[in-house]
Amino acid sequence: MTERACFLLHLRPELVPEYLRVHADVWPEMLEALTRTGWRNYSLFLRAEDGLVVGYCETDDFAATTAAMAAEDVSARWEATMSRFFQPAPAGAAGDRPREQLVEYFHLD
């Protein structure tokens with residue numbers, strides 16, 4: 001069964017144009033790793049004025065897919081390159097920029 005996952009990320013608004021330029025040419029090895037670890041129908045949406053990113057993907061198991069991607073060497077390099085684009089996590093949040101997964105409560109097929 002396909003799991004649909006939606007999540008939020010928070011960019012530094014002043015870095016949005018550069019962030020978009022980077023995503024215009026995502027490393028081929030990063031794209032291969034996403035595919036290999038099970039990310040399908042993956043999209044990112046942006047509200048540029050405040051840097052809100054909404055991510056969506058389909059996978060068999062989002063927790064397993066996320067863990068598999070975290071184990072990829074290219075993912076660590078990509079995350080290190082991208083970390084400066086994100087706002088710091090709120091006080092008390094786990095990690096330096098948490099991916100806030102949203103709960104699906106309605107779906108019309």
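This is a predicted model: local features need pLDDT of at least 70, side-chain atom pairs count only at pLDDT 80 or more; totals for chains, interfaces and linings use all residues.
Arg-4 stands opposite Glu-58 in strand β3. Residues are numbered from 1 along each chain as its sequence is written, and side-chain values use heavy atoms, with hydrogens and water left out.

The pairing of Arg-4 with Glu-58 belongs to a set of eight bridges between strand β1 (residues 3-10) and strand β3 (residues 52-59), which run antiparallel. Helices (H or I, at least four residues) and strands (E, at least two) are DSSP runs numbered from the N terminus, and two strands pair if DSSP finds at least two bridges between them.

Bridge partners here include Arg-47 with Leu-52 of β3, and Leu-46 stands opposite Val-53 of β3. The two strands β2 and β3 form a hairpin with four residues between them, and Gly-51 in the turn has a positive phi of about 80 degrees. Most residues other than glycine have a negative phi. Asn-41 is partly exposed, with a relative accessible area of 48%. In this classification, buried means under 20% relative accessible area, exposed over 50%, and partly exposed in between, with a 1.4 Å probe and protein chains only.

Val-53 counts as buried because its relative accessibility is 2%. Contact is defined as heavy atoms within 4.5 Å. With residues up to four places away in sequence not counted, Val-53 touches Phe-7, Leu-8, Leu-9, Leu-11, Tyr-19, Leu-44, Phe-45 and Leu-46. Of these, Leu-8 is 45 residues from Val-53 in sequence and 5.6 Å from it in space, C-alpha to C-alpha.

The largest pocket holds about 610 Å³ of space. On a 1 Å grid over the protein atoms alone, a cavity is a set of points where a 1.4 Å probe fits but cannot get out, whereas a pocket is an open set with protein on both sides within 12 Å along at least five of seven lines; lining residues have an atom within 4 Å of a point. Grid points are joined across faces, edges and corners, and the volume is the space filled by probe spheres set on the points. The lining of the largest pocket consists of 25 residues, and Met-30, Tyr-42, Trp-78, Glu-79 and Arg-99 lie nearest its centre. Two or more lining residues come from each of β1, α1 (16-23), α2 (28-36), β2 (40-47), α3 (62-70) and α4 (73-82). Helix α4 gives the largest share, five residues. By class, the lining has 17 nonpolar, five polar and three charged residues, where Ala, Val, Leu, Ile, Met, Phe, Trp, Tyr, Cys and Pro count as nonpolar, Asp, Glu, Lys and Arg as charged, and the others, Gly among them, as polar.

Met-30, one of the residues nearest the pocket centre, is placed in helix α2. At 6% relative accessibility, Met-30 counts as buried. Beyond four places in sequence, Met-30 touches Met-69, Val-74, Ser-75 and Trp-78. The C-alpha atoms of Met-30 and Val-74 are separated by 6.0 Å, although the two residues are 44 residues apart along the chain. Ser-75, in helix α4, is buried, with a relative accessible area of 7%. Apart from neighbours within four places in sequence, Ser-75 is in contact with Met-30, Met-69 and Ala-70.

Thr-37 lies in the loop between α2 and β2 and counts as buried at 11% relative accessibility. The side chain of Thr-37 reaches the backbone oxygen of Ala-33 at 2.8 Å. Not counting residues up to four places away in sequence, Thr-37 touches Thr-65, Ala-68, Met-69 and Glu-72.

Notes: A polar contact is a pair of N or O atoms within 3.5 Å; within protein, one must be able to donate a hydrogen and the other to accept it, and residues adjacent in sequence count only if both atoms are side-chain atoms.
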